[in-house]
Amino acid sequence: MTREYPKVKVDNYCKASLDVKRCYLPIDVTDICSKCNNVIAISLDDHYLSYPVIGMAEPVSFYCDNCHNEWDVDIIISLGVSLAEKVQDE
Ligand SMILES: [Zn+2]
């Protein structure tokens, strides 16, 4: 029995630079200050990434107002694309 595969497919793996000077994302990155345990959230909607590369580490800078500690946390942006389901005509 021959198995049929879909003729249209999407390759989900991507490692490419986004050509966006100021890339804002509706995502919060939260970490805890190692010196005073203050919880700090960085909104990527306010703090943009400059020309981020999908699949590569991007540093997000943290600053603690409590104790003036500064540090970076690396994040990785992934991009997913899938085929939309066909809508049946009625
Ligand atoms: Zn702190």
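1. F62 counts as buried because it has 20 C-beta neighbours inside 10 Å. The term buried means 20 or more other C-beta atoms within 10 Å of the residue's own, exposed means 12 or fewer, and partly exposed lies in between, with C-beta atoms placed from the backbone. Of the 90 residues of the protein, 1% count as buried.

2. This is a predicted model, in which local features need pLDDT of at least 70 and side-chain atom pairs count only at pLDDT 80 or more, while totals for chains, interfaces and linings use all residues. Residues are numbered from 1 along each chain as its sequence is written.

3. The protein has four strands and zero helices, in the order β-β-β-β along the sequence. Both are DSSP runs numbered from the N terminus: strands are E, at least two residues, and helices are H or I, at least four.

4. F62 belongs to strand β3, residues 57-63. Leaving aside residues up to four places away in sequence, F62 touches D31, I40, I42, E70, W71 and V73; contact requires C-beta atoms, placed from the backbone, within 7 Å.

5. Strand β3 pairs with strand β4 (residues 70-76) in the antiparallel sense, over seven bridges; pairing requires at least two bridges found by DSSP. In this pair, V60 stands opposite V73 of β4. The β3 and β4 hairpin has six residues between the strands, and H68 takes a positive phi near 65° there.

6. On contacts across the chain: of those in the protein with a separation of 6 or more, 55% come from residues 24 or more positions apart.

Conventions: Contact = placed C-beta atoms within 7 Å.
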